[in-house]
Amino acid sequence: YLCAFSSEREITADDVNILLNGAYEGLPVEKSIIQMVINEMYARYGYQFTSVEIQNYFNNKTWYQNIAIGTTDMDSIYNSMTDIEKKNIEFLKTQNQ
């Protein structure tokens, strides 16, 4: 995972700084680490991405391959997320500008 704890606790500004200063291989071109952490949170629920590049990135993750059901309904996934996950997504959106 890019951010393994994103479902367990709220992400802080310090966490964002660590993410921004990290080195990552294979991230889709033109996607920030912050956006990819948001995408990862949706991917954990089986989101199927319309971007081939992002979809291929997650298809290569074993944890993603083990998710049986996929959907393109982002709202339904968001509604099924925990309060912590929702807070993290909203926080990360403010950091990804």
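Tutor: The side chains of Arg44 and Ser7 are joined by a polar contact of 2.7 Å. A polar contact here is a pair of N or O atoms within 3.5 Å; within protein, one atom must be able to donate a hydrogen and the other to accept it, and residues adjacent in sequence count only if both atoms are side-chain atoms. The model is predicted, with local features needing pLDDT of at least 70 and side-chain atom pairs pLDDT 80 or more, while totals for chains, interfaces and linings use all residues. Residues are numbered from 1 along each chain as its sequence is written, and side-chain values use heavy atoms, without hydrogens or water.

Arg44 is found in the loop between H2 and H3, whereas Ser6 is in the segment before H1. Helices are DSSP runs of H or I with at least four residues (strands are E runs of at least two), numbered from the N terminus.

Because its relative accessibility is 18%, Arg44 counts as buried; Ser6, at 0%, is buried as well. Buried means under 20% relative accessible area, exposed over 50%, and partly exposed in between, with a 1.4 Å probe and protein chains only.

Next, the wider set of neighbours, where contact means heavy atoms within 4.5 Å. Setting aside residues within four places in sequence, Arg44 is in contact with Tyr1, Cys3, Ala4, Ser6, Ser7, Trp63 and Ile67. With residues up to four places away likewise left out, Ser6 touches Ile11, Met41, Arg44, Ile84, Glu85 and Asn88.

Helix H2 spans 33–43, and 10 of its 11 residues are buried: Ile33, Ile34, Met36, Val37, Ile38, Asn39, Glu40, Met41, Tyr42 and Ala43. These buried residues pack against H1, H3 (52–59), H4 (62–65), H5 (74–80) and H6 (83–95).

For H1, the axes of H1 and H2 come within 9 Å and cross at roughly 110 degrees, which makes the two helices roughly perpendicular. Axes are lines fitted to C-alpha atoms, for helices over the stretch in contact, with angles from 0 to 180 degrees between N-to-C directions. Under 35 degrees counts as roughly parallel, over 145 as roughly antiparallel, 65 to 115 as roughly perpendicular, and the rest as oblique. On the H1 side Val16, Leu19 and Leu20 take part, and they meet Ile33, Ile34 and Val37 of H2. By class, this contact has six nonpolar, no polar and no charged residues.

The largest nonpolar core has 24 residues, and Val37, Tyr42, Phe58 and Leu92 have the most contacts inside it. H2 gives the most to this core, eight residues. A nonpolar core is a set of buried Ala, Val, Leu, Ile, Met, Phe, Trp, Tyr and Cys residues joined through side-chain atoms within 4.5 Å. Apart from residues up to four places away in sequence, Leu92 touches Ile11, Val16, Ile34, Val37, Ile38 and Met41. The C-alpha atom of Leu92 is also 9.2 Å from that of Thr12, 80 residues away along the chain. Thr12 sits in the segment before H1 and, at 36% relative accessibility, is partly exposed.

At 11% relative accessibility, Phe49 counts as buried. Phe49 and Asn39 are 10 residues apart in sequence, with 8.7 Å between their C-alpha atoms.

Note on methods
Ala, Val, Leu, Ile, Met, Phe, Trp, Tyr, Cys and Pro count as nonpolar, Asp, Glu, Lys and Arg as charged, and the others, Gly among them, as polar.
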